[in-house]
Amino acid sequence: SKLIENKDALDQVNYLKYNYIVFTSRHACDYFMNSLRKNKVDVRTLSHIKMAAVGSATKLHLEKYGIYADIVPETYYSDAVLELLKQEVKKEDHVLIPCVKGVAYKWEELKQYCSVSTIDLYENVALHNEEMKDALTENWDYAVFTCSSAVENTFALGNVNAKQIISIGKMTSATLKEKGVEDIIQSDKANYDALIETIMRL
């Protein structure tokens, strides 16, 4: 797949009205910071905003920009940070969620607790090349999925012929189940190190 940045997505955002910003991936961090630089927005403009990250990897990536997340769940998946936000926010709060296109629906529940603005910051576009199509005709011992987009893009080409399907975490497993996959080995934690350990134990 290929990531395509929506460079104008945040041009009209008034950061003064937001109390929280939720970062859903390292890509969201990068593209968000690109937008600040492009629009000459001083990071001090964000000093009143609490920052949330969906997991430790996103938290660490955010710290490369000198921004330290206030809200980080122990387990990485969007439902976990959603639960924390539901306990944290007030009805009058405004939450900004710059994210990949196609996941806005996952944050609908939060709108019962506060005002929520989801902005499609980038798009994960499938590359339907012949090599990938050929791979799906083979029989594999294992097929490993590291994100929901990978599941969507792969199954758009056809079914996966693998003896065992391995998932990086809860969200990816949920997407696999939507595609009819039931027998899934899920990583203990939703990060690459834990995923590798899971594979090594097989």
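How many aromatic pairs does a search of the whole structure find? The search finds four. This is a predicted model, in which local features need pLDDT of at least 70, side-chain atom pairs count only at pLDDT 80 or more, and totals for chains, interfaces and linings use all residues. Residues are numbered from 1 along each chain as its sequence is written, and side-chain values use heavy atoms, with hydrogens and water left out.

**View 1. Tyr15 and Phe32 form an edge-to-face aromatic pair.** The ring centres are 5.8 Å apart, with 85 degrees between the planes. Rings of Phe, Tyr and Trp (its six-membered ring) pair if their centres lie within 6.5 Å; planes under 30 degrees apart count as stacked, over 60 as edge-to-face and the rest as tilted. Tyr15 is in the loop between β1 (2-5) and β2 (20-23), and Phe32 is in helix α1 (residues 26-38), 17 residues apart. Helices (H or I, at least four residues) and strands (E, at least two) are DSSP runs, numbered from the N terminus. Tyr15 and Phe32 are both buried (under 20% relative accessible area; exposed is over 50%, partly exposed in between; 1.4 Å probe, protein chains only). Ring pairs also link Tyr15, Phe23 and Phe32 into a cluster.

**View 2. Phe145 and Phe155 form a tilted pair.** Their ring centres are 6.1 Å apart and their planes stand at 35 degrees, so the pair is classed as tilted. Because Phe145 lies in strand β6 (residues 140-145) and Phe155 in helix α5 (residues 148-155), the pair ties together parts 10 residues apart in sequence. Both Phe145 and Phe155 are buried.

**View 3. Lys40 has a positive phi.** Its phi is near 55 degrees, and the residue is not glycine. Lys40 lies in the loop between α1 and β3 (50-53). Lys40 counts as exposed because its relative accessibility is 75%.
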